[in-house]
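The sequence and the structure are shown first.

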Amino acid sequence: MNTKPVPAIVMLITGFITCIVSICQHYSFGKFVKTELLVLVIFYLFGCIIKLLLDKGFEVMQDPLSEYEDMDMDEDLIDEMAMSDDEYQDDHTDK
């Protein structure tokens, strides 16, 4: 699973919520900028932690056949895998 955008998504959602709350509370511009920056940094780090946990969890659920991806396959086997069932039957019944 692609977990790369998780920290940015968490950060942007909390930043948007902070903006709405700050506007409703009539924060001054200086206080708004400091608060927004602090919230964005904290929740970016929080998002990175979530991403690491998700990566570890999905590492356990990894496809068991993925360990065979780098192995060299016999060319005849690859040809047989690419054949349709009819071609395979025709190829082996002629001999």
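## Basis and overall architecture

Helices (H or I, at least four residues) and strands (E, at least two) are taken here as DSSP runs, numbered from the N terminus. By this assignment the chain has four helices and zero strands, and its elements run α-α-α-α from the N terminus on.

The model is predicted: local features need pLDDT of at least 70 and side-chain atom pairs count only at pLDDT 80 or more, whereas totals for chains, interfaces and linings use all residues. Residues are numbered from 1 along each chain as its sequence is written, and side-chain values use heavy atoms, with hydrogens and water left out.

## Solvent exposure

Residues are classed by relative accessible area: buried means under 20%, exposed over 50%, and partly exposed in between (1.4 Å probe, protein chains only). The chain has 95 residues, of which 13% count as buried.

Helix H1 covers residues 6-24, and Ile17 is found in it. With a relative accessibility of 48%, Ile17 counts as partly exposed. Ile17 also contributes to a nonpolar surface patch of about 560 Å², which it makes with Ile9, Ile13, Phe16, Ile20 and Val21. Such patches are made of residues with over 30% relative accessible area and no salt bridge; like charges are joined within 9 Å, and nonpolar side chains (Val, Leu, Ile, Met, Phe, Trp, Tyr) within 5 Å. The accessible areas come from the Shrake-Rupley method with a 1.4 Å probe, and for residues only the protein chains shown count as cover.

Ile17 and Glu36 are 19 residues apart in sequence, and their C-alpha atoms are 9.8 Å apart in space.

## The loop between H1 and H2

His26 lies in the loop between H1 and H2. Although His26 is not a glycine, it has a positive phi of about 55°. His26 is exposed, at a relative accessible area of 71%.

Lys31 lies over the face of Tyr27, at 4.7 Å from the ring centre. The criterion for a charge over a ring is that NZ of Lys or CZ of Arg is within 6 Å of the ring centre and within 35 degrees of the ring normal.

Phe43 is partly exposed at 30%, and Phe46 is partly exposed at 43%.

A salt bridge requires a side-chain nitrogen of Lys or Arg within 4 Å of a carboxyl oxygen of Asp or Glu. The count comes to one salt bridge, in which the side chains of Asp55 and Lys51 meet at 3.0 Å, N to O. Asp55 and Lys51 are four residues apart in helix H2, so they are separated by about one helical turn. Asp55 is partly exposed, with a relative accessible area of 27%, and Lys51 is partly exposed at 23%.

## Cysteines

The structure holds zero disulfides, a disulfide being a pair of cysteine sulfur atoms within 2.5 Å. Cys19 counts as partly exposed at 23% relative accessibility, whereas Cys24 is exposed at 55%.
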